[in-house]
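Let's take a friendly walk through a protein model together. Have the sequence and the 3D view ready as you read.

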Amino acid sequence: MTHDQDDLFAPDVIADPYRYFGQLRETDPLHWNARSQLWIVTRYDDLIWLVRHHELFSSAVIGSDQRPPYPPIDPEDRGLFDEVRHFRSDQLVEQDRPHHTVMRGAVHEYFTPTAMEEWRPFVRAAVGELLDAVQPTGWMDVLQALAAPLPVRIITRMMGVPNEDREYLRELADKLLYINRGEPYRMKPLMEGIRAMIAYVEPRVATRAAHPEDDFISVLAGAEQAGIFTRHQVLVNTALLLFAGHETTMNLICNGTLALLRHPDQWAALCADPEGLARLATEECLRYDPPVKSTQRIAVADVERHGKLIKRGDRIRWFMAAANRDPRAFSDPDRFDLSRSPNPHVSFGSGIHYCLGATLARVEGQEVFRALAERFPKMRLASEDLEYQPSIQFRSLKSLPVTWT
Amino acid sequence: MDAPRITVDHTRCVGNAQCVTLAPAVFRHNEAVQSEVVDPSAAPLELILKAARFCPTSAIRVESASGAVLFPAS
Ligand code: HEM
Ligand code: SF4
């Protein structure tokens, strides 16, 4: 490799994280990255151990991380950056026990597998509408035509947003995506998006507190009345739910479609039985090229592992992208194989913070892959020139043009 | 009433702790922070079914003493 060994943003590491982090997994499973000043965890067993020991590793990372943003931002935007951190530290995913248990308890029931299954017809119809719009043209950018709008439609509907506001919310959702971008000016659109979302949600929270309905804002408003969420936490978690379920699902759709098209035998198998294979296909897409490559913890005690000492206060990044390809956990891990079962990938994390939206994301993935296989068995890539956003956390394609004529 | 039969599929359980939080007398985490059934009769059936429904990965299966599947539905 020609780049600095520890440059997590080097173009070849962004383009292919599997080689670099796979190498670390085999040679130095608990790696100290001096440049970014953090530990890197890549083995499946270590990852499970780390995330299930929430008493040793705190999730309150963004609030306590004093490092300057990377990639760098416009210097005059430091104030905006601090504001963003202030918002994000009130997210559910940043909370530790005991508070996390109570907060999650307040919202968990809304997202149970049984409850999310009821959204399947709505998801199916939304996928159908989006594909109807592009079918006659013979091509689409999967990202713009399907992967970006679909999750926003679903989440805004869950929030109880009226149809006429959907386009506005989609604009705001697009601004929230700047959380994960590399552009130096990104704090401006991001903060604009967050502020506008909060302004949009605030009066609705008040209305729902007085007149609850069966939407997600009512659930949060109820949790505020029960003293579990502060008003600020209600606003932040509503606003950022639009983000939590957006980029992640977008990446599942794009990365999954790409994996399917790059493995013609697997694509043919799915096209032969779209309904029957959609579930297994979605799990294998999640494992093979996970939407979230890595996330963080911070040690709250000194801990020894692999003969090394993780010190209290040290930051740790755990890579599901590497753990999902660990040969100790998966046979023939670099093979994309729709028949893999069981498939205990860690793409939704594990332990107490296991993704709240996992079933919803699964339903969206299943409906998308099923519909694509049913409608466009001749689908193929329209370009091999694919680029990823320069993020250490998300595995996000910048576009994915395909054609089926 | 006879105790229900409860099983936890460890290829699915991710240690999300919904079951051990809702029905701590029935479920407990093992060393690997996965759920194990300690006493299927230690909570009302309703609560056990709630725990199964709250499991984010549908790892918990509940059958009546006579073997009828109570969760998951179909
Ligand atoms: C394929 C799509 C998705 C992936 C890969 C994904 C991934 C993840 C991961 C890895 C975590 C754990 C983070 C950690 O432990 O630090 C997480 C947590 C979370 N996710 Fe997702 N997610 C997806 C979709 C969604 C959707 C659709 C929603 C909401 C509608 C959502 C809402 C959340 C929330 C609220 C948390 C925090 C849970 C907690 O802290 O208890 N996610 N997600
Ligand atoms: S709720 Fe499900 S995932 Fe969580 S500990 Fe219980 S069985 Fe495991």
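This is a predicted model: local features need pLDDT of at least 70, side-chain atom pairs count only at pLDDT 80 or more; totals for chains, interfaces and linings use all residues.

Residues are numbered from 1 along each chain as its sequence is written, chains are lettered from A and ligands numbered from 1 in the order in which they are written, and side-chain values use heavy atoms, with hydrogens and water left out.

**Cavities**

How many cavities of 30 Å³ or more does a search of the whole structure find? The search finds 2. A cavity here is a set of points, on a 1 Å grid over the protein atoms alone, where a 1.4 Å probe fits but cannot get out; lining residues have an atom within 4 Å of a point. Grid points are joined across faces, edges and corners, and a volume is the space filled by probe spheres set on the points.

The largest cavity holds about 100 Å³ of space. It is lined by 15 residues, and those closest to its centre are B:Cys13, B:Asn16, B:Ala17, B:Cys19 and B:Cys55. The lining classes are nonpolar (Ala, Val, Leu, Ile, Met, Phe, Trp, Tyr, Cys and Pro), charged (Asp, Glu, Lys and Arg) and polar (the others, Gly among them). In the largest cavity, the lining has 9 nonpolar, 6 polar and no charged residues.

The second largest cavity has a volume of about 50 Å³. Among its lining residues are A:Arg104, A:His108, A:Cys355 and B:Pro56. By class, this lining has 6 nonpolar, 3 polar and 1 charged residues. Helix 5 (99-108) and helix 18 (358-375) of chain A each supply at least two of the lining residues. Helices (H or I, at least four residues) and strands (E, at least two) are DSSP runs, numbered from the N terminus.

**The iron atom**

A:Cys355, one of the residues lining the second largest cavity, is also the single protein donor to the iron atom of ligand 1, through SG at 2.3 Å. Donors are N, O and S atoms within 2.8 Å of the metal (3.2 Å for Na, K and Ca); water is not among the atoms, so sites may look incomplete. A:Cys355 sits in the loop between helix 17 (320-323) and helix 18 of chain A.

**A buried methionine**

Is A:Met158 buried or exposed? A:Met158 counts as buried because its relative accessibility is 1%; buried means under 20% relative accessible area, exposed over 50%, partly exposed in between (1.4 Å probe, protein chains only). A:Met158 belongs to helix 9 (residues 149-159) of chain A. Leaving aside neighbours within four places in sequence, its contacts (heavy atoms within 4.5 Å) include A:Tyr110, A:Trp119 and A:Leu360.

**Backbone details**

| Bond | Omega |
|---|---|
| A:Arg97 to A:Pro98 | near 5 degrees |
| A:Ser341 to A:Pro342 | about 0 degrees |

A:Pro98 lies in the loop between helix 4 (78-88) and helix 5 of chain A, while A:Pro342 is in the loop between helix 17 and helix 18.

A:Asp332, found in the loop between helix 17 and helix 18 of chain A, has a positive phi near 45 degrees. With 46% relative accessibility, A:Asp332 counts as partly exposed. B:Val33 has a positive phi near 55 degrees, and B:Val33 counts as buried because its relative accessibility is 13%.

Notes. On a 1 Å grid over the protein atoms alone, a cavity is a set of points where a 1.4 Å probe fits but cannot get out, and a pocket is an open set with protein on both sides within 12 Å along at least five of seven lines; lining residues have an atom within 4 Å of a point.
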